[in-house]
Amino acid sequence: MTATPAVRALVRDLPANALPAYLYDLDALGEHASAVRSALPPGVEMYYAAKANPEAPVLAALAPHLDGFEVSSGGELAHVRQTVPGLPLAFGGPGKTPAELELALRLGTERFHVESAHDVRMLAGIAARTVPGTRVAVLLRFNLAVGQDLLANSALAMGGRPTPFGIDPTEADDMVRAVTDDHPQLQLRGVHAHLASGLTAPQQLAVATAVVEWSARLMTRHGLRLSEVNVGGGMAVDYARPAERFDWSAFGKGLAALREEHQGLIVRMEPGRALTAYCGWYATEVLDVKRSHGEEFAVLRGGTHHLRTPATKGHDQPCEVLTTDDWPHPWPRPSAGEGPVTLVGQLCTPKDVLARKVPAAGLRAGDRVLFEMAGAYAWNISHHEFLMHPRPGFHFLGAAAGRARTLDH
Ligand SMILES: Cc1ncc(COP(=O)(O)O)c(C=O)c1O
């Protein structure tokens, strides 16, 4: 999404020493989440994967449009429970520790996504002593080889090939028996499968259908009722074509048809990126402009230690330039020629590239650059301490933020 008026106005107003800054438009976020929610049919639940962006105002703005949150560590679990009490939590992820499971049980976590035989035994043992007499709701996470051609071409495949995520499907029957026969303190509700990131709506639908059908066959073999299937997140976000959006309406219609075939089944999803990416921006200013071996570079205040997304995903972060005639210094102002300009940060590594060959003829030091689609897997996945540059400011805009809020990190 190009910058909303509130975001653009604040970027123009901020003094240079208040940059870089992250800006979130919480009203835009709420509208987006509401539109996604209304595309989904009854019986389809939407959780938000907090790992995409766990900022408290972001969680609070999303909460009215959600059925719950997916959390993948004790830290996320405690933070989300405290920030948005009252919404169900699903605790997943590999390598859970005994202390995390105990915390999750004490905080009344509603669902556990178990990833291995060890995970099952540990959860059952800790549940027996922490919440005796309670049956803990469990989904078995499987690494399914469904729709493998789709997974192989996805942005990030976490399933359908050897990975540490989920349970191998060859162990499925033993795992079902282990939960139902050996651990009465656990209640098997169904299956979880987050297999890939970056799938379009038709691809997601094909994978979700295959997961639901595989799960139904598994439970039928054991004479059990399949109550829930969590089909994960991974809805595509296209950084090269920001206007191309995941087709929630087609996905919702497809899920409605799938539920017709499986009456009473709760289909749950847990998107992260596709909910928050569009409503965050990273704003900064040009510090210097130079030519190197025939190419132009603009060095920006900040860099990939704040916004690691383009470095990890290997894309050019979409951006917009806000020019200014203000140049308060007595020395000449560096400026670019007619050619494209590569936008880099202040780090001493050639990997510190935010966007390559941007058509920004005449870009000058002091101009501002506003990077879009910085609301997911951005600040929270970045290596903040490298080179000890100052941290960015954080601004949460909109009525949902109670006018505007600024947070320190
Ligand atoms: C288990 C699980 N669920 C949901 C997500 C969210 O994925 P995305 O942000 O691509 O929607 C992830 C991301 O890694 C995940 O590991």
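How many residues of domain 1 are in contact with domain 2, and with how many residues there? Eight residues of domain 1 touch ten residues of domain 2. Keep in mind as you look around that this is a predicted model.

Next, stop at the boundary between them. About 680 Å² is buried between domain 1 and domain 2, and carbon and sulfur atoms give 67% of that area. On the domain 1 side, select Tyr239, Pro242 and Arg245: these residues lose the most area to domain 2, together 80% of what that side buries.

The rule finds zero salt bridges between domain 1 and domain 2, and zero residue pairs in polar contact with both at pLDDT 80 or more. By class, the side of domain 1 that touches domain 2 has five nonpolar and three charged residues, with no polar ones.

For the last stop, select glutamate 45, which sits in strand 2, residues 44-49. Show its side chain together with that of arginine 268, and you will find a polar contact of 2.8 Å joining the two. Leaving aside neighbours within four places in sequence, the contacts of glutamate 45 also include Arg37, Asp67, Ile266, Val267 and Met269.

How values were computed:
Residues are numbered from 1 along each chain as its sequence is written. This is a predicted model: local features need pLDDT of at least 70, side-chain atom pairs count only at pLDDT 80 or more; totals for chains, interfaces and linings use all residues. Side-chain values use heavy atoms; hydrogens and water are left out. Contact means heavy atoms within 4.5 Å. Buried area is the accessible area (1.4 Å probe) that two parts lose on being put together, summed over both. A salt bridge is a side-chain nitrogen of Lys or Arg within 4 Å of a carboxyl oxygen of Asp or Glu. A polar contact is a pair of N or O atoms within 3.5 Å; within protein, one must be able to donate a hydrogen and the other to accept it, and residues adjacent in sequence count only if both atoms are side-chain atoms. Ala, Val, Leu, Ile, Met, Phe, Trp, Tyr, Cys and Pro count as nonpolar, Asp, Glu, Lys and Arg as charged, and the others, Gly among them, as polar. Helices (H or I, at least four residues) and strands (E, at least two) are DSSP runs, numbered from the N terminus.
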